[in-house]
Amino acid sequence: MTTAERTELETNPLWLTRGQVLWAFDQQGEDSELMIAAEIAERLQLPKAAVSQVLRGLRSEGKALSRKVDRCELWGTTDQVERWIERREREERRVAAEKAAARARTVERNDALAEAAQQLREICTDHQVEVSIFDWSFGRSEEPCKHTLVLSVDDPAAANWLLGRLNMPAPDEGKPTDEQWSEHFDHLERLLGCLTWAGWLENEDNYFGEYDREVGPVLCTTLHRTCMELSAEYRPDEHVLRLQPFENPAGGWPQTFSMLEDEVVIELAGDVNEQAESVARRAGELGLLDATRVEIDEDADVSLSRFMSVQYDEWIFEEVAQYRGIPVSELIEEFDENPELKSYLNAVVGMFGRNVLPDAVPDAAVLGIAAWCWRNETAVEDWHVPSDVLMARINIAVTKVIDEHVNPIEGVDWVNLRASLTDPEWALPDGRKIAELFGEGWPQVRDTVGEQLEQWRLLDENVLGPEVTLRLLTIGGSTSYTQNWWGQGRWPAICRAIVEDAVEGGIALPAPYDTAGVERFIADLEEPDQLDDDVLHWLIDMPASGVEGPRGLRSHKASQPVMRVVEPISWDLD
């Protein structure tokens, strides 16, 4: 051997069998399996005997280890063998855990089957149906096996009875998932959106859902506003929403009254938006979207004024006192010293709106602003425009402007509302400017309207707070003065009654609705400012009607608000 060959031998261990075996080990990954000697010899193309001798030598040096598995001796480095042992033990633990879990599931299954069998025996005991449990291991195995429940019957009558019971739906068959329940509740909130906007609040304690095998999921909630309540029941599978009278539970607060006397069933068709529109139409017709007007039952010992004073105490005076952080007695003195507020409370609340509950209804509050900051206490009436039709158009324009600045949470944006109602460029949909319609009276109209709005802004910010301001304006928008105005919740129902009465009374509809038909006319009346003067004049006074004939909007009985009869208990009012 030359010097160069000896140097190569000493510096390159792969010249030796020992080095090649160690090299073969190095090529194995950390999670690779161990190898038998024959496999190593085959990979290195070396004699098996030589490889076996090297392996034994490496083991004696502590550089290799072996383990016997199924008569095979497996080899690897010390680290490889230790990792292999760890993997084997981990896998054995996993397999043992799976077997234990499977065993526990089988036992649990068998126990549940045995319990079901016992219940079935109690049900079938008088019907000649035998119930038994079959153990397929015949008791010869320590490991549990799955049992089988067997129903045995040899009598045709008993078989028919069993068949009838089996045809009954399972208790949870068709029951919604948690996700489906959530979707149903979201859908119900959409359906009730018109009511929540009108001040009806959901009682979370009475908001629940249950599954009925015959009708499917049933969702229920209770809504309350001031001292009135109603219940809502939604059945998604039947596409029905039921508005129901509120049943005051035993021991409940006796000063809560039902808003409805009878159940109202609303059929739901179309998508959620169409369904919500159906609910809004029916709720509007029932007066649920307007402030509540009340009458006292003739058998009650309490007068209307006494009953209403209790509502004012709770929903106005106590609310303001809490908002301001002052005693009610001090607040009453302050109210009495404020001439504008005192006048409004005495005249509008105490007289014109004496039967209107202090609800917080944004749409009614809009009409309250229109009535008492635009039409009344201002120069608008002094400069009345030439026709009632034109005044109606202006009223609708006023209502739409105010509506943009009223929110049930934030209250009234008085500053921007004043800017809008006194803007000289403000115009009707046909382009006519409001300022020009009042002519030389516009400066006086503008100033007096601005003064009224400013007074209410100061009352809102310094005295009442936004919520009570909304309540007082709701009363102001719910008097006989505004009962036939556009913008109230009952407007579509009022229009339908007028049109249908006219058709029944033989009064021709105005063009083009004499050919377009009743439903088209009623639909278009939802935006009356888009109609021409002849149509509006027909709606307001119905010119073709005789003395005893159908009435127009000005005097039709449909414009009378819905009244609720309550029977308060006198000792609860003290």
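The protein contains 22 helices and 15 strands, assigned as DSSP runs numbered from the N terminus (helices H or I, at least four residues; strands E, at least two). The model is predicted, with local features requiring pLDDT of at least 70 and side-chain atom pairs pLDDT 80 or more, whereas totals for chains, interfaces and linings use all residues. Residues are numbered from 1 along each chain as its sequence is written, and side-chain values use heavy atoms, with hydrogens and water left out.

The radius of gyration, taken over C-alpha atoms, is 43 Å, while a compact globule of 574 residues would have a value near 25 Å under the rule of 2.2 Å times the number of residues to the power 0.38. Along the principal axes, the C-alpha atoms fill a box of roughly 130 × 90 × 65 Å.

Of the 574 residues, 43% are buried (under 20% relative accessible area, 1.4 Å probe, protein chains only). The largest nonpolar core comprises 97 residues, a nonpolar core being a set of buried Ala, Val, Leu, Ile, Met, Phe, Trp, Tyr and Cys residues joined through side-chain atoms within 4.5 Å. Helix H13 (residues 362-375) supplies the largest share of this core, 10 residues. Apart from it lies another core of 20 residues, including Phe521 and Leu539.

Leu241 is among the residues with the most contacts inside the largest core. Arg235, in strand S8 (residues 228-235), counts as buried because its relative accessibility is 18%. Beyond four places in sequence, Arg235 is in contact (heavy atoms within 4.5 Å) with Val215, Pro217, Val218, Val240 and Arg242.

Note on methods
Buried < 20%, exposed > 50% of the residue type's maximum accessible area, 1.4 Å probe, protein only.
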